[in-house]
Amino acid sequence: ERSRLDTADDANLAPLLRKVGPRPAATAEATAEVRAAVEAQWRTTVAARQRRRRFTGWAMAAGVAVAAVGVWLVRPIVQTEPHVVASLTRVVGSVEQNRGDGRWTPLAAAASVESGTRLRTAADGRAALRLANGVELRLDARTFVALDDSDRATLGKGAVYVDSGAPGSAPGADFVLETPAGDVRHLGTQYEARITDDGLQVGVREGRVEVSSASGNIVADAGERLSFAGGQVARATLAPTDADWNWVAGVTPPFSIEGRSVEAFLVWAARETGRTVVYTSGEVAQQSRSVTLRGTVEGLTPDEAVQAVLSTTSLQTEIGPEHIRVEAASR
């Protein structure tokens, strides 16, 4: 039975609790950051345990005769130290990292990023990264993402643009982007995953993606956008030159033009903007293949770079909504 003292204490506490009111709920931003951080740490811990289990089984089968060798091998196998999974190729505005120690520190271009690191961009911040497996990521403003490994990341808020490589090149490396609405896997593509107030949007600029969600596995092709909200999935069109892609150009990684042909440069610029290159004649096309470039376009958007580069050649360009039109410069 409860004592009279306990009952009296409850009576005294009740008015105080009514004055204080309910504890304020965590913001959506804080909830997203905590979720992504916990998930990243969980994955790191699970991976370490799996490595330990594999080593234990091997060591028992090997027997006492190789015990000394086993002790030497166990160090890298059960290593739980973070490893480099990406490098920053461009940083715009304020971008910070948290390596799991609770401290947020600024990041600069060319910095290395280790597994388990959380990244966040401010309202003026964007970042471009190249993963160890070759996949490129770009983070929009107000984005929070945890890099679990070189082939997996968790998006807590904001948007991530994924580029697994141009069509016809070597097969793109595996990469899974986890979101609260499901896992996104590329099938050789450029795509954006964005967390909205309603749920998740996945837009495909090139190639295809597969989203594994509560609604099942759903595939989207280039020119489509999937919207996940309230357990429902909606499909809409999204042109590769739509204005929703514009933010990507503002954080384009540097493209080295030194020693490259005009044609190679234009192919890059067209893919970065969703356009196609149109030459006004076969002679102009041949000239674009024979002209070698010098210098740098670092810090310029693809459109700015096209104007700057071709102004130094015997070619000129007209950038339209869908095409980059190239012709011989007027004399």
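**Close-up views of a predicted model**

**View 1. K157 sits in strand β9, which spans residues 152–157.** Helices (H or I, at least four residues) and strands (E, at least two) are DSSP runs, numbered from the N terminus. This is a predicted model: local features need pLDDT of at least 70, side-chain atom pairs count only at pLDDT 80 or more, and totals for chains, interfaces and linings use all residues. Residues are numbered from 1 along each chain as its sequence is written, and side-chain values use heavy atoms, with hydrogens and water left out. K157 comes out as buried, at 16% relative accessibility (buried is under 20% relative accessible area, exposed over 50%, partly exposed in between, with a 1.4 Å probe and protein chains only).

**View 2. Strand β6 pairs with both β1 and β7.** Strands count as paired if DSSP finds at least two bridges between them. β1 (residues 84–92) and β6 (residues 126–131) run antiparallel and share six bridges, with V92 partnered by R126. On to β7 (residues 136–139): four bridges join this strand to β6, again antiparallel, and R130 stands opposite E136. Four residues separate β6 and β7 in their hairpin, and G134 in the turn has a positive phi of about 100 degrees.

**View 3. Y161 and W245 are one of five aromatic pairs.** Rings of Phe, Tyr and Trp (its six-membered ring) pair if their centres lie within 6.5 Å; planes under 30 degrees apart are stacked, over 60 edge-to-face, and the rest tilted. Here the centres are 6.0 Å apart and the planes at 75 degrees, so this pair is edge-to-face. Y161 belongs to strand β10 and W245 to the loop between β16 and α4, so the contact ties together parts 84 residues apart in sequence. Both are buried, Y161 at 1% and W245 at 3%.

**View 4. F255 stacks on W268, 4.6 Å centre to centre with 15 degrees between the planes.** F255 comes from the loop between α4 and α5, while W268 is in α5 itself. Each is buried, F255 at 14% and W268 also at 14%. Ring pairs bring F265 in too, making a cluster of F255, F265 and W268.

**View 5. Helix α5 covers residues 262–273.** Nine of its 12 residues are buried, so α5 is largely enclosed by the rest of the structure; among them are V262, L266 and R271. Just past the helix, G274 takes a positive phi of about 80 degrees.

How values were computed. Expected span 1.5 Å × (residues − 1).
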